[in-house]
Amino acid sequence: MRVLSGIQPSGRLHIGNYFGMMRPALELQERGEAFLFIANYHALTTVHDADALRRATWEVALDFLACGLDPERTAFYRQSDVPEVCELAWLLSVVAPMGLLERCHSYKDKIARGISPSHGLFAYPVLMAADILAVQAEIVPVGRDQKQHVEVTRDIAIKFNNEFGPVFRVPEPAIRDEVAVVPGLDGQKMSKSYGNTIDLFGDPAETRRRIMRIVTDSRSVAEPKDPDACTVFALYRLFATEEERRTMAERYRAGGLGYAAAKQALAEKLEAHFEPMRLRRAELAASPDKVEAALRRGAERARAEARRTLAAARRAVGLD
Ligand code: ADP
Ligand code: TRP
């Protein structure tokens with residue numbers, strides 16, 4: 001089974017990214033042949049600062065390796081080291097229906113947030129289709145907000161195959177229901193654009209302060225509480241075992257557990273979970289050559305696949 005996913009280097013990664021995309025993708029690396037990449041061409045649709053882009057690309061590389069990406073098993077690369085995807089995106093763009101792209105929520109949301117509507121921003125899903133189809137991926141693990149983009153990829157692949165012959169494998173999104181949307185401090189979807197994130201490797205004191213700011217209702221310590229209506233519990237459950245989850249839910253319902261204590265419990269879980277990764281990350285940061293070598297090896301593997309697919313696509317359309 002071939003798995004592919006990517007993430008934009010457009011800010012610090014947060015626990016929504018971790019549970020929604022990184023962890024599912026890292027778990028799938030055990031079961032199949034995985035490709036994971038840093039989508040720096042995509043990030044250019046919103047980041048126009050060369051140093052910031054370079055830095056964020058590097059940070060994401062460290063984050064993934066620290067979180068357990070095994071570069072021997074998984075092809076891990078920078079998107080821009082596989083430039084074949086850009087040519088493939090052009091071949092796909094001639095069959096990508098305008099109406100389909102115009103309906104993409106992500107494009108509409110970004111414009112609504114004031115990002116200027118460039119051609120690149122509009123064509124974003126076509127480049128994403130090229131990433132996926134270039135390596136003939138079957139499964140694409142993503143959070144729910146990216147599902148529509150994978151559906152666009154499917155439509156484009158089917159259309160291309162119908163018009164030019166069977167070049168592409170048609171992929172499926174893989175979305176984990178239990179972590180499809182990780183809530184942020186305010187209870188909305190956690191997203192760097194909403195300023196409501198808990199960063200993966202943020203400063204520990206700052207992380208605690210942010211956890212203490214999670215919005216709750218105004219029930220007193222003594223009152224019984226509904227765990228399923230509480231953002232603190234929604235985050236706690238991501239880190240807890242089944243047993244711990246049940247116990248915490250019972251304490252909520254019984255009354256006597258205040259939100260400050262629940263936040264404290266969440267902070268402890270989170271710190272314990274990320275501590276080993278934080279240490280690993282510091283080690284990696286001290287060996288940039290190893291990280292660079294891993295990214296280059298990953299790019300070679302992805303590029304070999306992309307070249308093969310691109311050659312087949314060129315042949316199919318008559319560009320050989
Ligand atoms: P952001 O919303 O912070 O800009 P991205 O859009 O770059 O995050 O998302 C990167 C990946 O992480 C995608 O696969 C996305 O679906 C996943 N993801 C982001 N935020 C969440 C969340 N709150 N819950 C679950 N998955 C998420
Ligand atoms: N659009 C994805 C995001 O913002 C990143 C991405 C680019 C991607 N190309 C991809 C994800 C291909 C999965 C497959 O999160």
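Trainee: Which pocket does the space taken by ligand 2 correspond to?
Mentor: This is a predicted model, and in it the space taken by ligand 2 is the largest pocket.

Trainee: Which residues come nearest to ligand 2?
Mentor: There are 14 residues around ligand 2, and those that come nearest are Q8, Y124, M128, D131 and Q146.

Trainee: What lies 2.6 Å from a nitrogen atom of ligand 2?
Mentor: That is a polar side-chain atom of Y124. A polar atom in the side chain of Q146 is placed 3.0 Å from a nitrogen atom of the ligand. On the oxygen side, the side chain of Q8 has an N or O atom 3.2 Å from an oxygen atom of ligand 2.

Trainee: And how much of the accessible area of ligand 2 does the protein cover?
Mentor: On its own, ligand 2 has 370 Å² of accessible area, and the protein covers 91% of it.

Trainee: What is the make-up of the shell around ligand 2 by class?
Mentor: It has eight nonpolar residues, five polar ones and one charged one.

Trainee: Let us turn to ligand 1. How many residues surround it, and which are the closest?
Mentor: Ligand 1 is surrounded by 18 residues, with H14, D145, V182, S191 and K192 the closest.

Trainee: Which atoms of V182 lie 2.8 Å from a nitrogen atom of ligand 1, backbone or side chain?
Mentor: For V182 it is a backbone N or O atom. Side chains take part elsewhere: a polar side-chain atom of K192 is 2.5 Å from an oxygen atom of ligand 1, and an N or O atom in the side chain of H14 is 2.7 Å from an oxygen atom of ligand 1.

Trainee: What share of ligand 1 does the protein bury?
Mentor: Taken alone, ligand 1 exposes 530 Å², of which the protein buries 93%.

Trainee: Which helix gives the most to the shell around ligand 1?
Mentor: Helix α1, spanning residues 15-28, gives the most, with four residues. By class, the shell around ligand 1 holds eight nonpolar, seven polar and three charged residues.

Trainee: A change of topic: where is Q136, and what is its phi?
Mentor: Q136 is in the loop between α7 and β4, the latter being residues 139-141. Its phi is near 55°, a positive value in a residue other than glycine.

Trainee: Why does Q136 count as buried?
Mentor: Q136 counts as buried because its relative accessibility is 15%, and the cut-off for buried is under 20%.

Trainee: Then what about R281, buried or exposed?
Mentor: R281 is buried, with a relative accessible area of 15%. R281 lies in helix α12, residues 259-285. Its side chain joins that of E59 in a polar contact of 2.7 Å.

Trainee: Finally, where is the place of G202?
Mentor: G202 is in the loop between β5, residues 172-174, and α9, residues 204-212. At 7% relative accessibility, G202 counts as buried. The C-alpha atoms of G202 and R23 are separated by 18 Å, and these residues are 179 apart along the chain.

Technical notes: Residues numbered from 1 in each chain as written. Chains lettered and ligands numbered in written order. Predicted model: local features only at pLDDT ≥ 70, side-chain atom pairs only at ≥ 80, totals over all residues. Heavy atoms only, no water. Near = heavy atom within 4 Å. Polar contact = N/O pair within 3.5 Å; in protein donor to acceptor, adjacent residues only side chain to side chain. Areas by Shrake-Rupley, 256 points an atom, 1.4 Å probe, with all protein chains shown as cover. 1 Å grid on protein atoms, 1.4 Å probe; cavity = no way out; pocket = protein on both sides within 12 Å on 5 of 7 lines; lining within 4 Å. Sits in = over half its atoms within 2 Å of the grid points. Nonpolar A, V, L, I, M, F, W, Y, C, P; charged D, E, K, R; others polar. Helix = DSSP H or I, 4+ residues; strand = E, 2+ residues; numbered from the N terminus. Buried < 20%, exposed > 50% of the residue type's maximum accessible area, 1.4 Å probe, protein only.
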